[in-house]
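Please look at the sequence and the 3D structure shown here, and then work through the questions that follow.

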Amino acid sequence: MLEIVKLGHVYGTGPTAHQAIADINLEVAQGELVSLVGPSGCGKSTLLRCVAGLIQPTEGEVRLDGTPISGVPDNLAVVFQDYSRSLYPWLSVRDNVALPLSRKGAGRAEAREASERALGEVGLAGAGEKYPWQLSGGMQQRVSIARALAYTPSLLLLDEPFGALDAQTREDLEDLVLRLRTEHTMTILLITHDIDESVYVGDRVVVLGRNPGHIVADLPVVLEGPREQISTRATPEFVALRAQVAQLVREQINS
Amino acid sequence: MSTSTATRPAAPAEDGDPAGGGSPGGAARVGRAVLAVLSRSWLVVLVLVAWEAVTVAVDDHFFPPPSQIAVRMYELWFSGPASSAFLTQEALDHFVPGIGRLLLGWALAAVVGVVLGVALGRSELLHDLLDPLLQFFRAIPPPALLPVFLILFSIGPRMQLATIVFGIIWPILLNTMDGARSVDRLHLDTARVFGLSAPRRLVRIILPSAAPKIFAGLRISLAMALILMVISELVGATNGIGYLMQTAQFGFDYQAVWGAVIVLGVLGNVLNLLFTLVERQVLGWQHGARQLNS
């Protein structure tokens, strides 16, 4: 379970200080998938960096399973948007996935095995010997997801993970995330600027506003049946919620 | 020398073969390889012939023809027993220690340069503190310090090593520093998120990421090491190729002087070739990634 309490962050001090986010309160239950959507400049990446423990927020705190985050927690994994820079080009795909596992006390053989298993789960069985740059963008992002999975996090942060991919690949990976969440007990925070995606994948959609970044709305996603790219997107509930979120985001851009 | 340069184009020609479709048979492949060698080496042959013709025509003691130089090189250095790779005692006494100092000096400079470079690259404090000093030392032409090293170490291998190390450490140090400073922030963020310890971050992320720049520095330093090896041997040595060259000059043996020049040229080429082979192994990922991105 993730709790964000009165979170705020100011970059710099004095006259050049910049308040990126302010008074953010959010609870995400164990196993829940929450989409964070908002226009650029709404402090999405600051929020992510606070939650990931990469920066210490100037106000408030983030608690993961009851423990306040001070450093980088060992039960948290991130999939970054820029897979080509987040994966290491000098390591094979398998080594990229296995690299973080020594922190979990895994031996060489164990890490290798976990790596292969995770690669299999994202549909890349047998690609372990390759290098990331030999793969397509979508496959590289699958490697990033496999690396996060192998790390067995209780919280998975997805930082605009599909923003750089083409529409077809994006849909495949959205469905991959939906499938993986049923097979693993992870809490997932999906940061995105894609309104359709936020509704399609999320259990809840949290809309962020700008100057400074704050929460505008927290909407439950109630859709019947399993999500399916074409039929789900055609349901009246999806269309209505999508319009509502789009309206909220539009207001934030114009305000 | 001409064979070493000629084998290089032959290899890619074979690699490129599958793209050409089918297997055109051994004869065509050999034919193409021979053609590749010829297209690369005809100028070398031409220059040698011209050199021979001009020097024979001029008949100047200071500029002996290459054929005479080759004979003299053979007599002096390459007519030894098979057990010592056909090197004569003189060659063993002078080539080996000189090359040994070159490689040892280069290795020392590499270790110290990379260690210091990473420290300076990753610590803003150290960098700000030491950068002015480094910039000053770097700007000193290495031979200018020969008198200082002669006083400090007197004639001998320590003085030559000091000259080489001090002279060639700068490209390694500064390139490593630059490489360690400019590691992609997302590389480091990812490493932090996944909890890589500081030593593992250094070995698995920072060094590989800086490796292309480190290798560029190492390559420059290797070439400089050869230069400084010769200079230090001209001034403060009792053996070495530079020393041989100087004694030959004093003895008006200009065939041997030119021979030493050729040995140095070949040595420089061989070192560079070996370095390129190692670099290709270590930085294979970079060549691959760059080719695909372009």
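Q: How much area is buried between chain B and chain A?
A: This is a predicted model, in which local features need pLDDT of at least 70, side-chain atom pairs count only at pLDDT 80 or more, and totals for chains, interfaces and linings use all residues. Side-chain values use heavy atoms, with hydrogens and water left out, while residues are numbered from 1 along each chain as its sequence is written and chains are lettered from A. Buried area is the accessible area (1.4 Å probe) that two parts lose on being put together, summed over both. Carbon and sulfur atoms give 66% of the area between chain B and chain A, which comes to about 2,200 Å².

Q: Which residues of chain B lose the most area to chain A?
A: Contact here means heavy atoms within 4.5 Å, and by that rule 21 residues of chain B are in contact with 28 residues of chain A. Three residues of chain B together make up 31% of what that side buries, and those that lose the most area are B:Val193, B:Phe194 and B:Trp285.

Q: Which residue of chain B meets A:Arg49 in a salt bridge?
A: A salt bridge is a side-chain nitrogen of Lys or Arg within 4 Å of a carboxyl oxygen of Asp or Glu, and the count between chain B and chain A is two. In the one that involves A:Arg49, the N to O distance is 2.7 Å, and the partner is B:Asp189.

Q: Which element gives the most residues to the side of chain B that touches chain A?
A: Helices (H or I, at least four residues) and strands (E, at least two) are DSSP runs, numbered from the N terminus. The elements of chain B that give two or more residues to this side are α8 (185-193), α9 (198-235) and α12 (284-293). With eight residues, the element that gives the most is α8(B).

Q: How far apart are the centres of domain 1 and domain 2 of chain B?
A: Domain bounds come from an automatic or database domain assignment, which for chain B gives domain 1 (1-8 + 26-59) and domain 2 (82-284). Taken over C-alpha atoms, the separation of their centres is 32 Å.

Q: Is A:Val222 buried or exposed?
A: A:Val222 lies in the loop between β10 (214-220) and α8 (229-234) of chain A. Buried means under 20% relative accessible area, exposed over 50%, and partly exposed in between (1.4 Å probe, protein chains only). Because its relative accessibility is 63%, A:Val222 counts as exposed.
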